[in-house]
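Here are my notes on the model, as numbered points. Please read them with the coordinates open.

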Amino acid sequence: MVARASFASEGLDLPMREIARRVGLGIATVHRHFPSRADLVTAALTEHVAACRADMRAALDDPEPWRALSGVVRRFAEHRLRDRGLNEALFGSHPAAAAFAADRREQSRALRRLVDRARAAGVVRDDIGVDDVRICLAAIASYRLTRPAAGLHRLVDLLLTGLTGLPGDHQLLADSAQSPPVQP
């Protein structure tokens, strides 16, 4: 679908007139099928959202907690690279996000289960919670796509390493931030 590819590469604010031009239709024809931008965005992203839902179900079914959780984070990054519009619709304040509210809630509950399971298995630090993983996802979502993809992959590796870091590492950082600077 042309609209989906256009939203993926250029974001959800691409004018409907431009999408109509790319499809080779008049704007009135597009509006007859999709009365609002939100209707067009919903139609364009519904299949992709269903694939994300299936990815999360597969992660929940994975018996290996770290593979399941880290796989979700890595797939989120891949979606960030491939589909700018999806992140805007699901995690941003775009009006089209309302159509996917139930999906966001279900994904949030599933992520919490993955994090709890990983913590119980001892594959993430004891102090890691779902909000920490959400911070990781927010960092990935905010990555500027004008940079090379290798940078995003490096960011994901660093974030995942932080989730599994040695217990107490975060306390060392907090202690050093409170210590006066060493005088030469």
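1. Which residue just after H2 takes a positive phi? Glycine 24 does, at about 85°. Helices here are DSSP runs of H or I with at least four residues, strands are runs of E with at least two, and both are numbered from the N terminus.

2. On provenance, this is a predicted model: local features need pLDDT of at least 70, side-chain atom pairs count only at pLDDT 80 or more, and totals for chains, interfaces and linings use all residues. Residues are numbered from 1 along each chain as its sequence is written, and side-chain values use heavy atoms, with hydrogens and water left out.

3. The protein chain has 10 helices and 0 strands. Of its 184 residues, 35% count as buried, where buried means under 20% relative accessible area, exposed over 50% and partly exposed in between (1.4 Å probe, protein chains only). Among contacts (heavy atoms within 4.5 Å) between residues at least 6 apart in sequence, 65% join residues at least 24 apart.

4. Helix H2 has Met16, Ile19 and Ala20 as its buried residues. Seen down the axis of H2, they fall within an arc of 100°, so they line one face of the helix; the arc is that of the directions from the helix axis to the C-beta atoms. These buried residues pack against helix H1 (2-10), H3 and helix H4 (37-61). On the other side of H2, Arg17 and Arg21 are exposed. Arg21 is also linked with Glu18 and Arg22 in a network of salt bridges, a salt bridge being a side-chain nitrogen of Lys or Arg within 4 Å of a carboxyl oxygen of Asp or Glu.

5. Isoleucine 27, in helix H3, touches Met16, Arg17 and Ala20, not counting residues up to four places away in sequence. The C-alpha atoms of isoleucine 27 and arginine 17 are separated by 5.6 Å, with the two residues 10 apart along the chain. Isoleucine 27 is partly exposed, at a relative accessible area of 22%.

6. Leucine 25 sits in the loop between helix H2 (16-23) and helix H3 (27-33) and is partly exposed at 41% relative accessibility. With Val2 and Val23, Leu25 makes a nonpolar surface patch of about 210 Å². Patches are made of residues with over 30% relative accessible area and no salt bridge; like charges are joined within 9 Å, and nonpolar side chains (Val, Leu, Ile, Met, Phe, Trp, Tyr) within 5 Å.

7. How many salt bridges are there by this rule? The count comes to 10. In one of them, aspartate 103 pairs with arginine 53, the closest N and O atoms being 2.7 Å apart. That pair links distant parts of the chain, with aspartate 103 in helix H7 and arginine 53 in helix H4, 50 residues apart. Aspartate 103 is buried at 16% relative accessible area, whereas arginine 53 is partly exposed at 33%.

8. Arginine 74 and aspartate 157 also meet in a salt bridge (3.0 Å, N to O). Arginine 74 lies in helix H5 (residues 65-82) and aspartate 157 in helix H9 (residues 149-164), so the pair ties together parts that are 83 residues apart in sequence.

Technical notes: Accessible areas come from the Shrake-Rupley method with a 1.4 Å probe; for residues, only the protein chains shown count as cover.
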